[in-house]
Amino acid sequence: MRREVRLAGYGGQGIILIGLLLGKAAALHDGKEAVFTQSYGPEARGGASNADVVIADAPVDYPLVTRPDCLVVMFQEAYERHRPGLVEGGLLVLDQDLVRPDPGEGAFHAIPATRLAEGLGKKIVANVVMLGFFTAVSGLVRREAVEAALRSTLAPRLLELNLRAFATGYDYAPHAREAA
Amino acid sequence: MTTLMAERHPSDPLFRADRLPHIWCPGCGIGPAMHAYAQALVESGIPLDRHVCVSGIGCSGRVPGYLNIDSYHTTHGRAIPFAMAVALVRPQLEVAVFSGDGDLFAIGGNHFIHAARRNVDLNVICINNFNYGMTGGQVGPTTPMGARATTAPYGNYEQPFSLPYLAAATGAVFVARWTSLHLRQLKQAILRAMKKRGLTFIEVLAPCPVGFGRPNEIGDAMEEMMLYRERCVVDHGAPLAALDIDLRQRDHPIVLGNFVDIERPVFDPLAMRRPAPEVEDHAPLARKEQEG
Amino acid sequence: MKDGPAVLEGQHFLLGDHACAEGALAAGCRFFAGYPITPSTEIAERLAHRLPEVGGIFVQMEDELASMAAIVGASVAGARAMTATSGPGFSLMMENVGLAAMMEVPCVVVNVQRGAPSTGLPTLVAQADVMQARWGSHGDYEIVAYAPASPQECFDLTVRAFNTADQYRIPVFVLADEVVGHMTERVVIPPPDAIPKVERKRPRTAPGGDGFLPFQADDDLVPPMAHAGEGYRVHFTGLTHDERGYPATNAEAHDRLVRRLVEKVRRHAWRIEEYEESQLEDARVVVIAYGSTARSARRAVAVAREEGIRAGLLRPITLWPFPGERVRRLAERVGAVVVPELNMGQIAREVERFTHRPVLGVNHAGGAMLPPEPILDTIREAATR
C-alpha cells in the first residue's frame with residue numbers, strides 16, 4: 001500500500017504543519033513508513049503553500065508525490081491547480097467556504113473548517129480542524145496516532161486548543177459524508 | 001643543540017634555531033618586528049606553550065614558522081578566521097595573527113573587518129611594507145599614491161588604505177602604528193595588546209628595499225629607516241582621519257602612536273546563553289577557568 | 001527553554017538537513033562555522049540553536065572562505081568541527097579543503113547539492129558536484145565523500161564522516177542533495193554509548209621531549225596529531241613540509257609528502273568503501289545509483305523485476321573512494337550497466353574506468369528528482385544487450 005497525499009492552501013494557513021503532523025503520525029505512531037516534503041521552488045512563492053506526504057506499509061522508495069491519491073484543498077487556486085493531478089476516483093477534501101468545486105465535480109468531502117475554527121475562538125486552527133476531518137474520512141492514519149503527533153510536536157500551551165480543533169474536525173466527518 | 005645555541009643568544013629558545021637562517025632579504029624590516037614580538041612573548045608572563053601565532057601567505061607570513069611556539073601558516077588571506085577558531089576553541093590561549101598588508105587587507109580584508117566588528121580576541125600584527133614583497137614588488141592596498149610597483153609601472157593611481165583608520169572604524173579595541181625602527185615602542189604596544197581582550201591591531205611600517213625601496217628611489221634599507229626617522233612623529237592623540245601616509249610630500253609626517261585603546265564586549269558566541277549579563281564581560285573568563 | 005541532550009536519542013520525524021546537524025552533535029562536533037546558503041541553511045539554523053545547548057560554538061561567518069578556514073582552525077585546536085554549504089559555497093571552500101588535506105586536519109563539510117553551475121537552481125536538486133568533491137582543490141590529494149539517500153543516512157553518515165576524518169586526518173564530505181536534505185522521514189538516533197566513535201590519533205610522548213615529530217606517520221601513514229596549546233610547539237604549513245612540519249620546498253620532499261597523503265587513503269580504501277546491494281545475485285542488468293536518485297532506481301528495478309527483467313541495484317554509499325573493484329566484478333556477469341544521475345555523467349565516467357560493458361547513462365542536469373520511468377526505460381534497453 002502506497003498512498004500519496006497532497007495538502008494545499010495559502011501561506012499562513014498552517015498547511016505545512018499538518019503535512020508534517022500527518023507524516024509524523026504515520027511514521028512514529030502508527031507503524032507505517034512516511035515521507036513528508038514541501039515545495040521550495042518558485043512555485044512555493046506567491047502565497048501558495050503545499051505539503052506532500054507519502055504513506056506506505058513498506059519503506060518508501062520514490063519520495064515525491066506525483067499523482068496524489070488524496071487531495072486536501074483550503075484555497076480556490078489550490079483546488080484549480082492540483083485537482084487535475086488527483087488520481088481517478090481519488091479522495092478530494094475541501095473547505096467548503098473557501099473552495100467552490102466545479103459543478104461537475106463528483107464525490108468529495110466538504111467541511112467549513114475555517115468557520116468551525118472561528119467557533120473555537122481561533123481561526124488559525126482551521127488547519128488542524130481539517131487534519132481531524134481528513135484523518136476521519138481517509139482512514140489512512142489512526143486518530144490516536146495523529147493525536148500523539150500533536151502532543152509530541154506542539155508547545156504545551158497550544159495543545160489543548162489543537163486537540164479540540166482536531167476532535168471538531170474528526171467528529172464532523174459523518175455529517176460531511178451525508179452532505180457529499 | 002638548542003642549549004648550545006641558547007648560549008650564543010638569549011633569544012634563541014624563542015626561535016626554531018634549526019630553521020634559520022630566514023628567507024628575508026638583507027635590509028628587510030620583518031626580522032626586527034619579529035624580534036619585538038618574540039621579546040613580547042617572553043615579557044608577557046604568559047607561558048610560551050600558551051602562545052599561538054597564525055599567518056597567511058607572504059614574506060611576513062613566514063614569521064610563525066621561525067617562532068618556537070604553536071604556529072600555523074595558513075592560506076593567503078585566511079589567517080584571521082583560522083586564528084579566530086583557535087581562540088574560540090581554546091580561550092586560554094593568547095592568539096596572534098602576524099601577516100602582511102596584502103594578505104590581511106587585500107585578499108583577507110573582508111575577514112579583518114568582520115573580526116574587528118565582532119571583536120574577536122586576537123592580536124593582529126601587520127607588517128606594512130607597501131607592496132607584495134614575496135612575488136616581487138607588486139602594487140597592494142597600502143601602496144602610496146604615485147609609488148611605483150611592477151604592476152604599477154607608471155605609478156600607483158589608487159587611494160591606499162590607512163590601516164589604523166580602517167581598524168578603528170571597524171571596531172578594533174587597540175590600534176597602534178610603529179615602525180621596524182621603533183622596536184621598543186613596538187614591543188610595548190604588543191605587550192599592551194596581549195593584555196587586552198578583543199581585537200587589537202598593530203601596524204608595523206617596514207622597509208622592503210628590494211620590492212619597494214629600489215623602484216621608488218628610496219635607496220637601501222638604511223635610507224628607508226632614515227626616512228622613518230626624519231618623517232615619523234609620535235602623536236597618540238592624532239585624529240584617526242589624519243593617519244594617511246603620503247611618501248611624495250616630504251613635509252607630510254608619518255604619524256605613529258597608540259591611537260585607540262577602548263573597551264568593548266569580546267566576541268563570545270555563547271554570550272546570549274550565559275546567565276545575567278554583566279557590565280564587565282566576565283563570561284569568557286569563567287570559561288577559561290573551567291577549561292584551564 | 002530546556003536544553004536538549006547532545007545525542008537526541010529516540011525516534012524522530014526529521015528533515016534530512018536537521019538529521020545531518022544531529023549526526024554532527026552525536027559525533028561530538030562542538031564547532032560549526034558556516035554561511036547561509038540554500039538548501040543547506042537548515043543545518044546551520046539547527047546547529048545555531050543546538051550547539052550552544054551543549055556548550056558548543058556556532059559562528060556565522062562572513063563567507064565560505066572564512067567558514068572553511070575556521071573549521072580547520074577549530075580542528076587544530078582539538079575540536080570536532082564542521083561546516084555545511086551548497087555548490088557556490090563549496091567552490092569557495094575548495095581553497096581551504098586543500099589546506100586541510102595538506103596540513104592533515106580532520107574536518108567535515110556537508111554539501112547539499114543544488115542545480116549548477118554558478119548560482120544555478122538555488123532551491124532545486126542536482127548531483128553535479130560529485131567530481132568537484134573529488135578534484136575541487138588544486139593538486140593531488142584524497143578525500144572521502146559519503147552520499148546519503150535518506151534522513152537516517154544523513155544522521156548515520158555524518159557521524160561516520162567525523163570518524164573517518166579523524167582516523168585518516170583528512171577532510172570528509174557528506175555529499176547530500178536537495179531532495180534528501182529537504183525530505184522528512186523517520187530517523188532513529190541510538191543512545192550515546194551506541195554512537196560509533198573513532199578517536200583522533202594523538203602523540204604518544206609527552207611534550208618537551210625530542211621524540212615527537214608532528215608529521216611523522218605511523219605504519220598506517222597517518223601521523224598522530226598534537227593540538228594547539230598542548231606544549232608540542234608544532235608548526236603546520238600549507239607549504240610542502242618535512243616530518244617536523246618545516247617547509248621543505250624541493251622535489252624529493254614534495255613527492256614523499258604528496259605520495260603519503262594519497263596513499264594513506266588509497267591503501268585503506270577497501271576499509272572505507274561502502275555500498276548497498278540489492279537483487280544483484282542473478283542480475284543481468286546492474287543499476288548504479290546514489291543519493292536521492294537511488295530511491296528512484298530502487299523503484300525502477302522493482303518494476304523491471306515485475307516485468308521479468310533480472311535487474312539489480314548497486315548503491316555506492318562512499319562515492320569517494322569509489323567502489324570500483326566491486327563494479328568491475330559485478331559488471332563481468334551483466335550485459336550492461338545503467339547509471340542514472342542528476343548530472344551529465346560524472347559517476348558513469350568513473351564506472352567506465354572499471355568495465356568494458358556498455359554503460360548507459362540516465363542523465364538530467366537537475367532541477368527535479370530523476371523519476372523512475374526513464375531509468376526503467378533504460379533498464380529495458382540494457383536488458384536487450
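Guide: This is a predicted model, and the questions below take its labels one by one.

Visitor: How do you know that the span of helix H4 of chain C agrees with its number of residues?
Guide: The expected span is 1.5 Å times one less than the number of residues. For the 17 residues, 87–103, this gives 24 Å, and the end C-alpha atoms are 24 Å apart, so the two agree.

Visitor: What makes you speak of a kink in H4(C), and where is it centred?
Guide: The bend is the angle between axes fitted to the seven residues ending at a position and the seven starting there. In H4(C) that angle is about 45°, and the kink is centred on C:Met94.

Visitor: What follows H4(C)?
Guide: C:Glu104 does, with a positive phi near 60°.

Visitor: Which domains does chain C have?
Guide: The domain assignment gives domain 1 as 10–194 and domain 2 as 276–383. Their centres, taken over C-alpha atoms, are separated by 26 Å.

Visitor: How many residues of each domain of chain C take part in the contact?
Guide: Residues are in contact if their C-beta atoms lie within 7 Å. On that basis domain 1 of chain C gives 22 residues and domain 2 of chain C gives 23. On the domain 1 side, H5(C) contributes the most, four residues. By class, that side holds 18 nonpolar, two polar and two charged residues.

Visitor: Which residues of chain C are involved with chain A, by number and class?
Guide: Chain C places 17 residues in contact with 14 residues of chain A. Strand E1 (10–15), E6, strand E9 (184–189) and helix H10 (291–306) of chain C each give two or more residues to that side. H10(C) has the largest share, four residues. The side divides into seven nonpolar, five polar and five charged residues.

Visitor: Which pair of chains shares the most contacts?
Guide: Two pairs of chains are in contact, and chains B and C share the most.

Visitor: How far apart are the nearest C-alpha atoms of chain A and chain B?
Guide: They are 21 Å apart, and chain A and chain B do not touch.

Notes
Residues numbered from 1 in each chain as written. Chains lettered and ligands numbered in written order. Predicted model: local features only at pLDDT ≥ 70, side-chain atom pairs only at ≥ 80, totals over all residues. Domains from an automatic or database assignment. Nonpolar A, V, L, I, M, F, W, Y, C, P; charged D, E, K, R; others polar.
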